[in-house]
Amino acid sequence: MDASRFFARRAAYLRASQVRELLKWIGRDVISFGGGVPDPASFPIDELRRIIDEVLEARGSAALQYAPTEGIDELREELARFVGRRGIRAGPENVLVTSGSQEALELLARVFVDPGDVVVTENPTYLGAIQAFSVYEPSLVGVPMDEGGVRVDLLEERLRKLASSGARAKLCYVIPTCQNPTGRTAGLERRKALLELAEEHDLLIIEDDPYSYFYFEGPEPPPLKALDKEGRVIYVSTISKVLAPGLRIGWVVAEEEVVEKLAIAKQGVTLQSPTLGMHVLLEALRRGLVDRQLPRLRQIYRVRRDAMLSALEEHMPSGVSWTRPCGGMFVWLEAPPRVDMDALLPVALSVHKVAYVPGSGFHVDGGGRNTARLSFSYPPLEKIREGVARLAKLIAEAAG
Ligand SMILES: Cc1ncc(COP(=O)(O)O)c(C=O)c1O
């Protein structure tokens, strides 16, 4: 029997992520610039082993038990302090612990998005956010970016157009620092302008911030949430890229009424985040392990970014351009318009043995078929150089 005829209408919006599909190629003889996967050598395995042993020894019965939906109190306190060091004023009541930041996006969509609601995003934007939001049937409006992040002037234009047609945007989802997929970072002025516009048009902002921990070029700009005086910004972050994605712990920082509603939504989704993972993160924060990770990670990823940028410079044919990220894990590549990076992927994988994520999936407007996201976080340096050379050959052949 084909049970798919029983699927709900919304199941039509559930489409496989190309990134998750590409993860299957890791470990074969393919060089993968696919997922934003941390270098496993960055996992502090010995320290985590000690922490897990000690947590189980000292409070195993609590660490293996059910826990509150919002997260264990001590971790909410510790996370409030952690974001406080990034300029965000929050108490434990403003923190919701989630099962990775991906769950936060699902919960936010569940709580805030009605069918037809206008949600503005950077275009391109994070594929997983498009997946999470789409199920709730918003009208996604993508705003172009430049090297300084989302074009606030174009956002303003779109908002005015919407207003003149009687519609109104409700939410604005942005990744202002080391954006996924482009690697771009918005400067302070851009951030202030975005907040002012959000005030003027009464928009709620979702700020997704997994990558600012490895901003390489001096101090990173403050999170939007640190500039937010009205409680208009809902801040989302994660321990995935800093400690280990396998812990599946993220967090939301928001006004208390938002945290309470998200927690009720979470009861129907995951009930709570993994208790052992929460205790492990609590200890990692208390012992300064997370802070000690940061300089190491910046060093690892900075060297890889540099290797990717110099290989692109050396090998790419003319007509191809790319971003020069100040941090994070991604370079965004734009091939000449006639090069279809979606259509080329099977050839890239089977013939050239290199993986990338076609850029079209990150676009909310169906565009971007000549673009691709390259992640420099996972392959070692020599593989980055070799992979870029292979990719350049593929694009040069396709460009003719
Ligand atoms: C922008 C962005 N948001 C959220 C996530 C989800 O991360 P996690 O669920 O591991 O916290 C990712 C992962 O790559 C991401 O790039």
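Visitor: What does Arg 248 do with the ligand's oxygen atom, in terms of distance?

Guide: In this predicted model, a polar side-chain atom of Arg 248 lies 2.8 Å from an oxygen atom of the ligand, and a polar contact is a pair of N or O atoms within 3.5 Å, where within protein one must be able to donate a hydrogen and the other to accept it, and residues adjacent in sequence count only if both atoms are side-chain atoms. Because the model is predicted, local features need pLDDT of at least 70 and side-chain atom pairs count only at pLDDT 80 or more, while totals for chains, interfaces and linings use all residues. Residues are numbered from 1 along each chain as its sequence is written, and side-chain values use heavy atoms, with hydrogens and water left out.

Visitor: And which residues come nearest to the ligand?

Guide: Of the 13 residues around the ligand, those that come nearest are Ser 101, Asp 208, Tyr 211, Thr 238 and Ser 240, where near means that a heavy atom of the residue lies within 4 Å. In the case of Asp 208, an N or O atom of the side chain is 2.6 Å from a nitrogen atom of the ligand.

Visitor: Ser 101 sits in H4, so is H4 mostly covered or exposed?

Guide: Helix H4 is mostly covered, with ten of its 13 residues buried, and Ser 101 is among them. Buried means under 20% relative accessible area, exposed over 50%, and partly exposed in between, using a 1.4 Å probe and protein chains only. Helices (H or I, at least four residues) and strands (E, at least two) are DSSP runs, numbered from the N terminus.

Visitor: New topic: how do S3 and S4 pair?

Guide: Strand S3 (residues 118-123) and strand S4 (residues 139-146) pair in the parallel sense over six bridges, and two strands count as paired if DSSP finds at least two bridges between them. Within this pairing, Glu 122 stands opposite Val 143 in S4.

Visitor: What about S4 and S5?

Guide: S4 and strand S5 (residues 149-150) run antiparallel and are joined by two bridges, and they form a hairpin with two residues between them.

Visitor: Last one: where is Asn 180, and what does its side chain join?

Guide: Asn 180 is found in the loop between strand S6 (169-174) and helix H7 (188-200), and it is buried, with a relative accessible area of 3%. A polar contact of 2.8 Å joins its side chain to that of Arg 373.
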